[in-house]
Amino acid sequence: EVYELKEKLESEKIAQSELDKRICDLEDRVLNLENKTCPSDSDEEYEYSNIVDLSLNKDKSVPPFVILPDKLNHPVIRRHEVDEVIQTLNDLRVMHDDKITSVFIIGEPLSGKTECGRKIGEALSKHNSIVAVIKCDTYQNFTSSLKQLAKRLGYSQINFPSLHKASVASQIEILSLFIKEKISGESPWVIILDEVLEETKELLTYLPQPGDLGTGQIVVTTHDRSLVTDNPCSIPVVLDRLTLNESLQLLFLLVGNIPQDLAQFVSEKLEFQPALLVSAAKCVKQLSAKKKQSVVQTWRERLENIKSRYKEEEWPYYIAAMDETTRSMLESVIKTVVKRSNVIEECFHLLVLAKGSYLSRDVVTRFLASQLNITKREAELSLRESPLIRICGNDGLAISGVIYKLLCDLFAPVVRTERMIHRLRKLCKFFLLSTHDTVVAKVFKLMSPKIMQYLALLDLCFPDYEELRSLHHELGKAFLCVSVDYGSAVRCFTKAISIFEGSNDITHPEYAQLLNSLGNVLRLTGSMEDACKYLSKSLKLLKEISRGNVSEDIASCLSSLGLVCLSQGDLDRARELHHRALAIREQLHGNDHIATATSLNNIGGVYHERGDLATAKNYYWQALEIKGRNYGWDFPHMANSFNNIAEISHEQGDLCGAISIHKRALKIRQRLYGDDHPDIADSLNNIGVIYHKREELSAARKYHTRALGIRKKVYGEDHLEVACSLNSLGEVCYDEGDLAAAEENHIQALRIRQRYSVTSWHAEVITSLHNLMMVYIADQKISIATDYAYEVFKVCQKIHGMRDARTVEAFRKLTELSKRSSQGRGFDFSLAANEYVERLSCL
């Protein structure tokens with residue numbers, strides 16, 4: 001049996017040997033055929049050797065030649081950076097005559113770096129013996145380019161025996177040694193290394209280095225800023241986007257003559273990126289040929305279709321109409337960049353939340369540093385090196401509309417994960433730590449629509465998740481404290497409360513805090529009854545949870561209830577609640593704590609409302625001294641306390657003293673914040689009010705106008721603080737007799753206040769309605785004034801009830817105007833109505 005097995009094994013060995021011979025014969029035949037048909041590739045089929053034999057070709061004088069990429073299948077224009085790079089190369093050659101020099105062309109993906117490299121090569125071929133472009137996006141392309149260059153330099157089979165059996169790294173090393181040897185003569189040469197990436201930057205080491213002795217120059221095109229070195233023989237040149245004229249010229253070459261407004265719109269939406277313009281033009285030409293209509297008509301129809309179907313931030317992506325190759329290339333770059341750096345990934349998430357718009361670089365780096373445990377400097381360096389993030393001016397970051405859409409698609413699966421909940425919570429906490437920073441407030445306002453969109457998806461995926469209710473709570477606080485968006489804050493708090501109640505976890509301390517937060521927002525919007533209900537429920541729960549112990553949460557809830565009672569006119573109850581809060585805070589924190597100062601300030605507010613100005617001023621001074629000892633006398637909160645004392649002086653008739661104190665607060669704020677800060681606007685507004693009181697109307701108008709300008713710049717056109725300035729300015733214009741300006745300002749203020757009120761029954765809405773009524777009365781437009789008087793009456797009745805003196809006065813004014821009106825607005829105010837007014841007055 002063993003013998004038979006041995007015999008079988010021997011026969012199989014013989015068969016294998018014959019098979020090997022047949023394979024070798026076939027390989028030889030294939031080789032011979034390739035040598036006859038493709039002689040340029042035949043020299044790769046020889047035994048591998050690590051030694052490069054240059055002895056057979058000692059002659060280094062190589063005839064001039066140019067190796068450039070194949071011509072593009074679309075027209076290109078000569079960029080202004082081409083001449084800049086050529087001039088830079090000439091200057092480097094003069095400065096470093098006997099050394100190799102280099103220029104780095106840095107540009108975003110699809111910015112046209114390859115086309116610029118080609119144009120540079122064509123221009124330099126007149127003055128250099130050798131001009132070659134080597135592709136460096138992959139090791140395989142680099143090797144192929146080296147082989148092509150080596151053949152032009154005299155590469156033969158004898159020099160490179162059996163190169164195909166070597167590894168890619170060994171092939172690159174052997175070919176680069178041969179090339180270095182051949183170009184080391186006195187003839188000038190230029191090598192353009194195209195599309196060098198972070199992953200292929202090692203390939204630069206295989207070629208002559210800047211600073212080495214030689215007569216050549218190297219041009220590197222890359223989108224990675226980190227590749228630029230500090231070598232004095234290297235200079236970076238940033239490839240900007242096309243200018244408007246260049247963009248219009250390119251579109252003309254691509255699709256012919258089109259209207260300038262259309263070409264400009266397309267160029268701006270595609271951010272003057274040549275590859276995207278080419279892609280968009282190609283798509284339109286194909287559609288035009290298919291529909292057999294003019295290119296201009298096709299452009300317009302396509303743009304209208306995109307505008308009607310997609311959001312504005314997504315227009316660039318659909319206008320570009322990228323083919324699969326271009327899209328895949330961009331997606332590959334994005335994935336590589338995201339994978340390479342956590343800093344860039346987090347920054348991309350922030351920019352997506354901002355819909356790709358301009359974001360403050362300072363805010364972004366502060367957030368990244370706080371979340372990733374790095375320094376601001378490290379975060380900023382990482383952002384500067386990213387090829388996809390555009391640095392705007394001195395303090396701005398943005399991404400293109402195309403990159404925005406690709407990032408949305410890439411991050412779509414991440415949005416529906418717990419990781420996104422954690423990311424949004426961290427972001428909300430960061431915003432809450434910067435409530436006084438106006439730049440942060442702008443960033444939050446920009447991001448909030450996208451955050452709410454994400455939140456809706458997360459609500460569907462995790463309806464009862466504990467972290468999600470905390471996210472709603474924190475986001476509501478951000479809406480309340482950062483952007484002063486009461487409506488969104490109420491929605492967030494209400495959703496968080498519903499999640500708590502759905503999970504039957506209503507004994508959780510956070511549930512009580514949520515009730516307190518919702519009650520405070522409702523208080524600020526004027527819904528005092530609802531506010532009192534939620535705050536009372538919160539206080540009851542906090543007492544049950546604390547089991548007889550005191551806490552800051554209880555003190556905070558008592559303070560909020562005290563403010564509600566103050567707004568309702570129940571001053572005794574308000575004073576009692578504030579004193580209880582003060583006692584708790586003194587027990588918890590002592591007599592010299594900021595929280596204690598807050599309670600003292602609130603008690604001062606109660607006495608202020610009662611008309612006991614001396615006592616109110618005393619409490620305000622106590623609060624001011626505590627804040628001064630804790631914060632220092634130049635802290636922003638000191639300015640707030642100075643304002644309270646100035647208001648007391650104002651009401652005591654000491655207008656000069658009030659102005660002096662307000663100007664002191666203004667100086668503190670200007671020293672801390674500069675000239676464009678909301679607190680500066682507050683001080684200017686307060687000073688304007690006192691000048692108005694002193695009937696110095698021109699000075700009052702000047703201060704109110706300055707305050708309005710700052711608030712519009714900080715908050716935008718549609719904000720409650722802007723409405724306050726518009727109202728004050730309107731009152732001054734009314735007293736000056738400028739009724740047209742007064743009407744315009746009051747109408748704008750009313751529109752803003754009605755929008756921000758959760759209901760339309762807000763105390764400030766009454767003020768705007770009343771002011772407009774007075775303007776129309778002065779302008780003898782009694783019919784319109786009567787309409788506003790009726791609105792004032794309805795709102796007063798809703799807020800204060802029929803027995804309140806303000807409601808009675810509103811009704812009295814309404815009847816008076818109704819009698820004067822000749823239009824017959826449908827109000828039948830008879831003698832019975834007048835008797836009703838008198839009865840209400842008695843009550």
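## A parallel trio of strands

Let's start inside this predicted model. Strand β3 (residues 130-135) and strand β4 run parallel, joined by 6 bridges.

Follow the chain on and you come to Asp224, in the loop between β5 and β6 (234-238). Is Asp224 buried or exposed? With a relative accessibility of 1%, Asp224 counts as buried, because the cut-off for that is under 20%.

Which residues does Asp224 touch, leaving aside neighbours within four places in sequence? They are Glu198, Arg340 and Glu385. With Arg340 there is a side-chain polar contact of 2.9 Å. Val196 sits 28 residues away from Asp224 along the chain, yet their C-alpha atoms are separated by 8.0 Å.

The protein's mean pLDDT is 83, and 90% of its residues reach 70 or more. Over residues 36-60, though, pLDDT is below 50; that stretch has 48 contacts in the model beyond near neighbours in sequence. Residues 823-827 also stay under 50, with 6 contacts beyond four places in sequence.

Among the elements, helix α23 (residues 571-589) has the highest mean pLDDT, 92, while helix α35 (residues 831-842) has the lowest, 52.

Technical notes: Residues numbered from 1 in each chain as written. Predicted model: local features only at pLDDT ≥ 70, side-chain atom pairs only at ≥ 80, totals over all residues. Heavy atoms only, no water. pLDDT = per-residue confidence, 0-100. Helix = DSSP H or I, 4+ residues; strand = E, 2+ residues; numbered from the N terminus. Contact = heavy atoms within 4.5 Å. Pairing = 2+ DSSP bridges. Buried < 20%, exposed > 50% of the residue type's maximum accessible area, 1.4 Å probe, protein only. Polar contact = N/O pair within 3.5 Å; in protein donor to acceptor, adjacent residues only side chain to side chain.
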